[in-house]
Amino acid sequence: MAQLKGPLQFTGSIGNFRSYYDKRLKRYILSTKGGASRELILNSPEFERTRENMKDFAACSMWASLLRKALLCVAALYRGNYFSNIVKYGKNIQKFDTVNIKGKRSVASSMASHLLKLINFNEDQPFSMAFCNPVKVVFSDDKKRVTLQISDFQSYGQLHWISPFQSYRFTLVIAQLADMVWNETELKYLPIVKGLEHLTVTTVSDWQNRITDKIEVNLEASFAAPALQQLGTTVVVVMGIEFRDAQPNNITLGGTMGIVECFVE
């Protein structure tokens with residue numbers, strides 16, 4: 001693999017060479033073509049393990065896409081190569097399936113929901129670096145309402161951003177995430193419950209000035225119908241933070257977000 005420099009920068013193939021732009025590295029990469037053909041990989045007995053790995057990875061990618069879609073309402077707070085980070089934790093969750101064979105293993109976040117809180121959606125400013133105060137998340141008995149509480153919150157000392165800010169606001173997002181499982185009838189991976197990514201609910205606080213006084217923060221969000229009605233689903237609770245410059249410009253300086261709690265049946 002080589003880095004492409006100079007005036008002739010392109011994407012595509014020329015002879016035995018191909019060039020592509022790497023968004024993460026922010027440069028053009030030049031490499032030679034090679035390896036086994038697609039037909040050989042898909043049909044040869046020698047590549048059986050490769051096909052199993054491809055199916056497992058496809059399940060992780062599909063699961064990661066479900067989570068991304070469920071949280072599109074805070075997509076403006078994503079930064080960097082976040083999707084590969086989600087896929088990575090999907091792979092870690094998949095390892096908890098010790099029952100199904102390789103190539104048919106589930107990505108069951110309901111079995112390892114604690115790993116969801118480790119996903120980093122913002123490479124530039126991770127949520128754990130911007131916010132350093134405990135939060136309490138309460139799920140109502142009827143499985144519909146989530147309450148996020150922050151006690152003794154002092155924005156001047158407990159919020160940190162890469163540039164000076166004057167005001168901030170919080171976002172509470174509640175979403176439902178389905179396990180990705182192998183369907184023997186259709187011979188492919190499918191979510192155990194379809195359409196959950198469309199049931200996301202968002203609550204946004206008012207803009208608050210950065211002050212030294214301690215305050216109490218309470219945000220609530222409610223699903224239209226009770227969640228966790230079927231095994232293999234997880235309620236994901238996300239907290240987002242946005243920062244803004246001082247008046248009169250009130251320029252939004254960006255923000256970050258993270259999963260702060262999960263609930264399973």
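Author: Let's start with a term you'll need throughout: a residue is buried when its relative accessible area is under 20%, exposed when over 50%, and partly exposed in between (1.4 Å probe, protein chains only). This is a predicted model, so local features need pLDDT of at least 70 and side-chain atom pairs count only at pLDDT 80 or more, while totals for chains, interfaces and linings use all residues. Residues are numbered from 1 along each chain as its sequence is written, and side-chain values use heavy atoms, with hydrogens and water left out.

Reader: Okay, what percentage of the residues of the chain count as buried?

Author: Of 265 residues, 42% count as buried.

Reader: How many helices and strands does the chain have?

Author: Helices (H or I, at least four residues) and strands (E, at least two) are DSSP runs, numbered from the N terminus. Here you get 5 helices and 14 strands. Now look at contacts, meaning heavy atoms within 4.5 Å: among those between residues at least 6 apart in sequence, 67% join residues at least 24 apart.

Reader: Next, charges. How many salt bridges does the structure hold?

Author: The general idea is that side chains of opposite charge can pair when their charged atoms come close. The rule asks for a side-chain nitrogen of Lys or Arg within 4 Å of a carboxyl oxygen of Asp or Glu. The structure holds 6 of these. In one of them, Arg-105 meets Asp-56, with the closest N and O atoms 2.7 Å apart. Arg-105 lies in the loop between helix H3 (82-94) and helix H4 (127-130), while Asp-56 lies in helix H2 (residues 48-70), so the pair ties together parts that are 49 residues apart in sequence.

Reader: Are Arg-105 and Asp-56 buried or exposed?

Author: Both are buried. Lys-102 joins Asp-56 and Arg-105 in a network of salt bridges. Now try Lys-117 and Glu-261, whose salt bridge is 3.7 Å, N to O. Lys-117 sits in the loop between H3 and H4 and Glu-261 in strand S14 (residues 252-264), 144 residues apart. Lys-117 is partly exposed at 38% relative accessible area, and Glu-261 is partly exposed too, at 23%.

Reader: And the rings: how many aromatic pairs does the count come to?

Author: Rings of Phe, Tyr and Trp (its six-membered ring) pair if their centres lie within 6.5 Å; planes under 30 degrees apart are stacked, over 60 edge-to-face, and the rest tilted. By that rule there are 12 aromatic pairs. Phe-153 and Phe-170 make an edge-to-face pair, 5.5 Å centre to centre with 65° between the planes. Phe-153 is in strand S6 (residues 145-153) and Phe-170 in strand S7 (residues 167-178), 17 residues apart.

Reader: Which rings does Arg-210 lie over?

Author: A charge sits over a ring if NZ of Lys or CZ of Arg is within 6 Å of the ring centre and within 35 degrees of the ring normal. Arg-210 lies over the face of Tyr-156, 4.5 Å from the ring centre. The charged end of Arg-210 also sits over the ring of Phe-165, 4.5 Å from its centre.
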